[in-house]
Amino acid sequence: MNMHSSEAATAEEAIAAQEALPPLDNDAATAVAMQNTLLTPRFYTTDFDEMDAIDVTPVRDEWDALIAQMKSDPNKGHFKKTADWDADWENMDPALKAEFIDFLISSCTAEFSGCVLYKEMKRRGSNTDITTLFQLMARDEARHAGFINDALREAGIAVNLGFLTQQKKYTYFRPKFIYYATYLSEKIGYARYITIFRHLEEHPDKRFHPIFKWFREWCNDEFSHGEAFALLLRTDPKLTQGRMNRLWIKFFLTAVYGTMWVRDHQRPEFHKALGVDPAWYGQEVYRKTSEISKQVFPMTLDIDHPRWRKGLDRLQDASVQVARAKKRGGVGGMVSRIGGMTKATLAFVSLYAIPAIPNETPVSSRMEPAY
Ligand SMILES: [Fe+2]
Ligand SMILES: [Fe+2]
């Protein structure tokens, strides 16, 4: 009897379990997952030797507690269908179905992007603290990606994870930027999943697909991953202190928040079905993420600044213009596309120029998922 990805102890086992399932129409979903634009999830590579050299001694107690908790594996076996799984693809409105599939493919790619990076770090490293952590995180992300693929399979498609590992383009980030970006994406992932989960607790009639029922345990995994990166960032003050670091952290915060806004506004039917206003959702997720990120970042973005929403809306308008121009093609399309990209850049600069709110980080970064 083959093992299911939810029971796997390692990322490799989870991926193999997924690949052993009967082949479906992988091509369409994999083509979407292969896209590399500013808005789609990317795969990352880094200087693994530099990461391997991290010494976690300064945060030893918190580190050991976190690793012990992850090793205890509270979510083993969670990410698989049970009697609670009542998916009804047949009766889903076609426009909603298209957006939901896009959401699932993009989420699967993002989960798997984490898996590939963490798995590679484990493979290349020799520092037991680091390899243990990365093996545990890769395990979780492989289960998450596998579970989303299970959901997609019912709609007759799946992302070919093995193909993606080999063929998708890898973007290089130096380790410090990997910490900023992954710390943020883990914490924003937690905030996104828990906000939807809590909303659907109050409005169960809006739960148009069963996968949302799995979100609470899911986001607890992401929360732990974020805690691990918070600890890594705290091993060395040189990683977060000083003027240049502040500028870079602000850049990553603005880019991640801005991308999320644009992406979410591309899925109006999905949000309508959930009964969620994407603008409300965005601000809610930023608020939670900002509050959590005070554990390690020297500032938060001023998301209540009068120019914040305006800047996001301008970014959104510009991205609509770029998408339309791409479709149109030809010289007219190209001119309009360049215009749209210029507008997007200006909107981003205006968001980035909003003064940040300085933050004094606490002595211990330890946090529990509280939302
Ligand atoms: Fe994940
Ligand atoms: Fe994660």
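**Helix packing in the predicted model**

The axes of helix α2 (residues 26–34) and helix α5 (residues 94–124) come within 9 Å and cross at roughly 60°, axes being lines fitted to C-alpha atoms over the stretch in contact, with angles from 0 to 180 degrees between N-to-C directions. The two helices, α2 and α5, are therefore oblique to each other (roughly parallel, under 35 degrees; roughly antiparallel, over 145; roughly perpendicular, 65 to 115; oblique, the rest). Helices are DSSP runs of H or I with at least four residues, numbered from the N terminus. This is a predicted model, in which local features need pLDDT of at least 70, side-chain atom pairs count only at pLDDT 80 or more, and totals for chains, interfaces and linings use all residues. Residues are numbered from 1 along each chain as its sequence is written, while chains are lettered from A and ligands numbered from 1 in the order in which they are written.

Ala29, Val32 and Ala33 of α2 meet Asp102, Ile105, Cys108 and Thr109 of α5 (contact: C-beta atoms, placed from the backbone, within 7 Å).

For helix α1 (residues 11–19) and helix α6 (residues 128–154), the axes come within 8 Å and cross at roughly 15°; α1 and α6 are therefore roughly parallel to each other. Ala11, Ala14, Ile15, Ala17 and Gln18 in α1 meet Ala138, Arg139, Ala142, Arg143, Gly146 and Asn149 in α6.

In α14, Gly340, Ala344, Ala347 and Leu351 are buried (20 or more other C-beta atoms within 10 Å of the residue's own, placed from the backbone). The buried residues of α14 pack against α10 (243–265) and α13 (306–328).

Terms used
Buried ≥ 20, exposed ≤ 12 C-beta atoms within 10 Å, placed from the backbone. Contact = placed C-beta atoms within 7 Å.
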